[in-house]
Amino acid sequence: MDKRSLRLEAKRRLGNMSEEQRKDVQAQLETNLIQSTLWKSASCVGITISYGLEWNTNSVIEKAWDCHKTVSVPKVNPADSSMAFYRITSFQDLEEGYKGILEPKSSCVFIPKDNLDLLIVPGLLFDKDHHRLGYGGGFYDRFLQDYMGKTIALAAEAQLYQGIPSDTYDIPIQHLITEVGFRY
Ligand SMILES: Nc1nc2c(c(=O)[nH]1)N(C=O)[C@@H](CNc1ccc(C(=O)N[C@@H](CCC(=O)O)C(=O)O)cc1)CN2
Ligand SMILES: Nc1ncnc2c1ncn2[C@@H]1O[C@H](COP(=O)(O)OP(=O)(O)OP(=O)(O)O)[C@@H](O)[C@H]1O
């Protein structure tokens, strides 16, 4: 399947989950993340503000604040498909940005790439080799090129798909957590 069809397939799979299933998966993903050494040892976390069918990141962000981690979220620059992270200390620091996704306000402090210990990377589908399929902006592939910290993605088992077409610029994520636990 090509990437376009795969994105539709991913949305079909996510859309087919019941409210109850989604709630269970959401809770388990959070538990698995929070219990991980990766999470515990990260003091500065980069994370997106979820939208649409994505797993909710708000409570992950709150948990990070609770244990005094620095939370930074991306702001995209569509002109060159780049992305930069800024610190948020409350949800009041957000405003609607690219494609209606919440982004940090201009008053937020820029966090250099090197300061991020752990990046929680969004995606629609993932495979055994940790390839990911995102929304197609190429923002993460560009950002990850010279990123030296850790990367992890949170996904339901239903988002595992073997044989995601991979391009030379695709950068695999290092760790994948599903509702079952660490995968592969
Ligand atoms: N929550 C979240 N924030 C994020 C990302 C993400 O995947 N999730 N990104 C990761 O790179 C960046 C934004 N990238 C995006 C790239 C393309 C589209 C896009 O084309 N959206 C379509 C509809 C998406 C869909 O197919 O459902 C649109 O609005 O027309 C949106 C965001 C930065 N922030
Ligand atoms: N490192 C890069 N340099 C130049 N172009 C790139 C790079 N990475 C991705 N692209 C371009 O970005 C476009 C989208 O890439 P792709 O379909 O892999 O996005 P994605 O990984 O699904 O999305 P995202 O990374 O935003 O979640 C592609 O057309 C590709 O040409």
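**Loops, rings and overall form**

Tutor: Ser81 sits in the loop between strand 2 (70-77) and strand 3; helices (H or I, at least four residues) and strands (E, at least two) are DSSP runs, numbered from the N terminus. The model is a predicted one, in which local features need pLDDT of at least 70 and side-chain atom pairs count only at pLDDT 80 or more, while totals for chains, interfaces and linings use all residues. Residues are numbered from 1 along each chain as its sequence is written, chains are lettered from A and ligands numbered from 1 in the order in which they are written, and side-chain values use heavy atoms, with hydrogens and water left out.

Student: What is the phi of Ser81 near?
Tutor: Phi of Ser81 is near 55°, a positive value in a residue other than glycine. Most residues other than glycine have a negative phi.

Student: Is Ser81 buried or exposed?
Tutor: Ser81 has a relative accessible area of 17%, so it is buried. Buried means under 20% relative accessible area, exposed over 50%, and partly exposed in between, with a 1.4 Å probe and protein chains only.

Student: And where is Lys99 found?
Tutor: Lys99 belongs to the loop between strand 4 (94-96) and strand 5 (102-104). Its phi is also positive, near 55°. Lys99 has a relative accessible area of 63%, so this residue is exposed.

Student: Let us step back. How many helices and strands does the protein chain have?
Tutor: There are five helices and 12 strands in the protein chain. The C-alpha trace spans about 40 × 35 × 30 Å along its principal axes.

Student: What share of the residues counts as buried?
Tutor: Of the 184 residues, 48% count as buried. Contacts (heavy atoms within 4.5 Å) can also be sorted by sequence separation: of those with a separation of 6 or more, 68% come from residues 24 or more positions apart.

Student: Which residues does Leu176 touch, beyond its neighbours within four places in sequence?
Tutor: Leu176 is in contact with several such residues, including Phe126, His130, Ala153 and Tyr184. Leu176 lies in strand 11 (residues 175-178), and at 0% relative accessibility it counts as buried.

Student: What about Lys63, and which contacts does it have apart from neighbours within four places?
Tutor: Lys63 contacts Glu30, Ile34 and Trp39. Lys63 is part of helix 4 and, with a relative accessible area of 31%, is partly exposed. Between the C-alpha atoms of Lys63 and Asp167, 104 residues apart along the chain, the separation is 35 Å.

Student: New topic: how many aromatic pairs are there?
Tutor: The count comes to six aromatic pairs. Rings of Phe, Tyr and Trp (its six-membered ring) pair if their centres lie within 6.5 Å; planes under 30 degrees apart count as stacked, over 60 as edge-to-face and the rest as tilted. For Tyr51 and Tyr135 the ring centres are 5.5 Å apart and the planes are at 55°, so the pair is tilted.

Student: Where are those two tyrosines, Tyr51 and Tyr135?
Tutor: Tyr51 is in the loop between strand 1 (44-47) and helix 4 (58-66), and Tyr135 is in the loop between strand 9 (132-133) and helix 5 (139-144). The pair links distant parts of the chain, 84 residues apart. Tyr51 is partly exposed at 30% relative accessible area, and Tyr135 is partly exposed at 38%.

Student: What kind of pair do Tyr86 and Phe110 form?
Tutor: Tyr86 and Phe110 form an edge-to-face pair, 5.8 Å centre to centre with 65° between the planes. Tyr86 is in strand 3 (residues 82-88) and Phe110 in strand 6 (residues 110-111), 24 residues apart. Tyr86 is partly exposed at 21% relative accessible area, and Phe110 is partly exposed at 47%.

Student: Which residues form an aromatic cluster?
Tutor: Phe85, Phe143 and Tyr147 form one aromatic cluster.
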